[in-house]
Structure formats: C-alpha cells, structure tokens
Amino acid sequence: MEKNLAVFASGNGSNFEAIAKACQNKRINAQIALCVCDHPGAYVTERAKRLNIPVLELRPGNFPNKQEYEKEILKELKNQNIDFICLAGYMRIVGDTLLSAYPSKIINIHPSLLPAFKGVDAIGQALDYGVKVFGVTVHFVDNTLDGGKIICQAAIPYTGNDREELEAMVHAREHALYIEALKVLL
Ligand code: GRF
C-alpha cells in the first residue's frame, strides 16, 4: 500500500523535491502528504506549493518548549495519516514526543560519512580536514545530533579543492541515495 510521508525541512529543499519526484514517478511507493517547515517562507515551502503538497509552517519560538512544538506537529501528522518521516535539511534535534510516536520511522540524510563531521557545514568541515573520500549517510534518527543507526552510505572520492563542484557531487548523490533508502525501507 502507498505510504504517506512527511518531509521535514528548514531551507532549500532539494532533497524534498527529489523525494517528491520519485513518488510522482512511482520509483517509490509513497506520496509526500505533508511538508513540515520550521522556517516560514523558506524556499522548500515554495517548492511544496508548486508541487501541490500541503505545508505546515511553524515558528518553534512561538511555543513554550520543544514538547509543545512537537505536539502541534504530531496533531497534523495524525490528521494526514503520516506513516513515515524523512528529515531533509531539518536543522533541529527531534525530541521524544515525535520519536516515541514514530519509533524507527524517522530517518535523516547527512552530507558526510557519519560518524565523521556531524552538525552544520559537514562538507566544509571535511574539506578543512583534508579528507579525500567524502560521502553521504542515511540513518535512523535518535535524540542526538546526526545520531542513530546507519542505513546506507555512499562514498565520494574527491581530491580537488573546488567547494562548489564538490557540493554539486554530494547533493546529486544525496538525492539518489535517499530514494534508494526509501525503496528498501518502505
Ligand atoms: C543536505 O546536504 C542534507 O544532507 C543536510 O542538509 C542539506 C539539505 O539540502 N541534512 P536541501 O535543503 O535538501 O537542498
């Protein structure tokens, strides 16, 4: 049966769009029933509107704490019968409210070979470190920064020094790997 996905994003949304296209093309047996965005007006919300995908835009600062913020999200996830959650550039640690409602059903993509280079600007961190094999990881989400059991990884050998070129390679690989992971998990 076709699964209902929610994709959580904070910014650009290229992974969101890659997943949406894979659903449309039936490469994965799912639809994105909801886009959750914690930065109202972020570019991902424009992509979602263009693709006719409902958007829940929330300002976490308007809630007394993470629990209340996530309870509000959970209400909408239930309304939309969401089965599975993909984080795609969602710049927040997920709390117990969502983790306990969706055990082993929340995954994330990160632009490094975890557990190396957690957190923001993983590509920049890896470049600064001088690594020669970059990569991408899809993993289950726990309540730590970029933590949780790894589902799959792709390595990207790169010895150049052109950040833009490397970022383009990493993002292209992310889009493909996220779809592969979803195919297996769903
Ligand atoms: C990606 O590099 C993803 O791995 C990381 O945040 C970035 C989001 O990019 N978690 P986009 O918003 O999907 O274009």
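Colleague: Leaving aside neighbours within four places in sequence, which residues is E174 in contact with?

Modeller: E174 is in contact with N15, I109, H110, P111 and V136, where contact means heavy atoms within 4.5 Å. This is a predicted model, in which local features need pLDDT of at least 70 and side-chain atom pairs count only at pLDDT 80 or more, while totals for chains, interfaces and linings use all residues. Residues are numbered from 1 along each chain as its sequence is written, and side-chain values use heavy atoms, with hydrogens and water left out.

Colleague: Where does E174 lie?

Modeller: In helix α6, residues 163-185. Helices (H or I, at least four residues) and strands (E, at least two) are DSSP runs, numbered from the N terminus.

Colleague: Is E174 buried or exposed?

Modeller: Buried, which means under 20% relative accessible area, against over 50% for exposed and partly exposed in between (1.4 Å probe, protein chains only).

Colleague: What does R47 form a salt bridge with?

Modeller: With E17, the closest N and O atoms being 2.9 Å apart. That pair links distant parts of the chain, with E17 in helix α1 (residues 14-24) and R47 in helix α2 (residues 43-50), 30 residues apart. E17 counts as buried at 11% relative accessibility, and R47 is buried with a relative accessible area of 11%.

Colleague: Back to α6. What does R163 pair with?

Modeller: R163 forms a salt bridge with D121, with 2.6 Å between the closest N and O atoms. R163 lies in helix α6 and D121 in the loop between β5 (106-110) and α5 (122-129), so the pair ties together parts 42 residues apart in sequence. R163 is partly exposed at 34% relative accessible area, as is D121 at 42%.

Colleague: How many salt bridges does a search of the whole structure find?

Modeller: Eleven.

Colleague: Change of topic. What pattern does the chain follow along the sequence?

Modeller: β-α-β-α-β-α-β-α-β-α-β-β-α, with six helices and seven strands.

Colleague: And what is the radius of gyration?

Modeller: 16 Å, which agrees with the value near 16 Å for a compact globule of 186 residues. The radius is taken over C-alpha atoms, and the globule rule is 2.2 Å times the number of residues to the power 0.38.

Key
Lys, Arg positive; Asp, Glu negative; His and termini not counted. Salt bridge = Lys/Arg side-chain N within 4 Å of Asp/Glu carboxyl O.
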